[in-house]
Amino acid sequence: MSGAEGVTVELTHRAMAMLKAVAQQRAEMSTSCEPDLFVDGFACCDQMTAHALAKGGYVRPGTGVTAAGRVPAELTEAGAVALSVTAAA
């Protein structure tokens, strides 16, 4: 599936689980140029997919810094569409 920036990202089961965690407001991101994803306070096991989701325009950093120095992760419109397509299937 092609994200907002035209970057093609394979939306595997793991990628979809990451998007669901973001949608459930359980995820945070670092604010680096290659943002890392943290779910329930733990570093995500597949940072390459997390980077691809960010570069592909499926997730973005939100506002407000958490106690760990990260920001909440937010779904973009492309991320929401990806979740809705799989929910409808």
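1. Strands E1 and E2 run antiparallel and are joined by 3 bridges. One of the residue pairs is Ala-27 with Val-39, the latter in E2. Bear in mind that this is a predicted model.

2. The sheet is open and has 5 strands. Their order is E3-E2-E1-E5-E4, and the pairing is antiparallel. E3 and E4 stand at the edges. Each has a single partner strand, so one side of each lacks a neighbour in the sheet. As background, strands of a sheet pair through backbone hydrogen bonds, either parallel or antiparallel.

3. Helix H1 packs on this sheet. H1 touches E1, E2, E4 and E5 (71–75). The direction of H1 makes about 115 degrees with that of E5. The buried residues of H1 are Ala-15, Met-16, Met-18, Leu-19, Ala-21 and Val-22. Gln-25 follows H1 and has a positive phi, near 60 degrees.

4. Helix H2 spans residues 47–55. Its buried residues are Gln-47, Thr-49, Ala-50, His-51, Leu-53 and Ala-54. What do these buried residues of H2 pack against? They pack against helix H1 (13–23) and against strands E1, E2 (37–39), E3 (42–43) and E4 (59–61). Just after H2, Gly-57 takes a positive phi of about 85 degrees.

5. Glu-28 deserves a look. It is found in strand E1, residues 27–29. Is Glu-28 buried or exposed? Glu-28 has a relative accessible area of 19%, which counts as buried because the cut-off is under 20%. The side chain of Glu-28 makes a polar contact with the side chain of Arg-70, at 3.2 Å.

6. The surroundings of Glu-28 can be listed. Leaving aside residues up to four places away in sequence, Glu-28 touches Asp-36, Leu-37, Phe-38, Thr-66, Arg-70, Val-71, Pro-72 and Ala-73. Arg-70 in this list is also the polar partner of the Glu-28 side chain.

7. Now the cysteines. How many disulfides does the structure hold? The structure holds 0 disulfides. Cys-44 is in no disulfide, and the nearest cysteine sulfur, that of Cys-45, is 5.0 Å away.

8. Cys-44 is buried, with a relative accessible area of 14%. Cys-33, by contrast, counts as exposed, at 76% relative accessibility.

Key. Residues are numbered from 1 along each chain as its sequence is written. This is a predicted model: local features need pLDDT of at least 70, side-chain atom pairs count only at pLDDT 80 or more; totals for chains, interfaces and linings use all residues. Side-chain values use heavy atoms; hydrogens and water are left out. Helices (H or I, at least four residues) and strands (E, at least two) are DSSP runs, numbered from the N terminus. Buried means under 20% relative accessible area, exposed over 50%, partly exposed in between (1.4 Å probe, protein chains only). A polar contact is a pair of N or O atoms within 3.5 Å; within protein, one must be able to donate a hydrogen and the other to accept it, and residues adjacent in sequence count only if both atoms are side-chain atoms. Contact means heavy atoms within 4.5 Å. A disulfide is a pair of cysteine sulfur atoms within 2.5 Å. Two strands pair if DSSP finds at least two bridges between them. Axes are lines fitted to C-alpha atoms, for helices over the stretch in contact, and angles run from 0 to 180 degrees between N-to-C directions.
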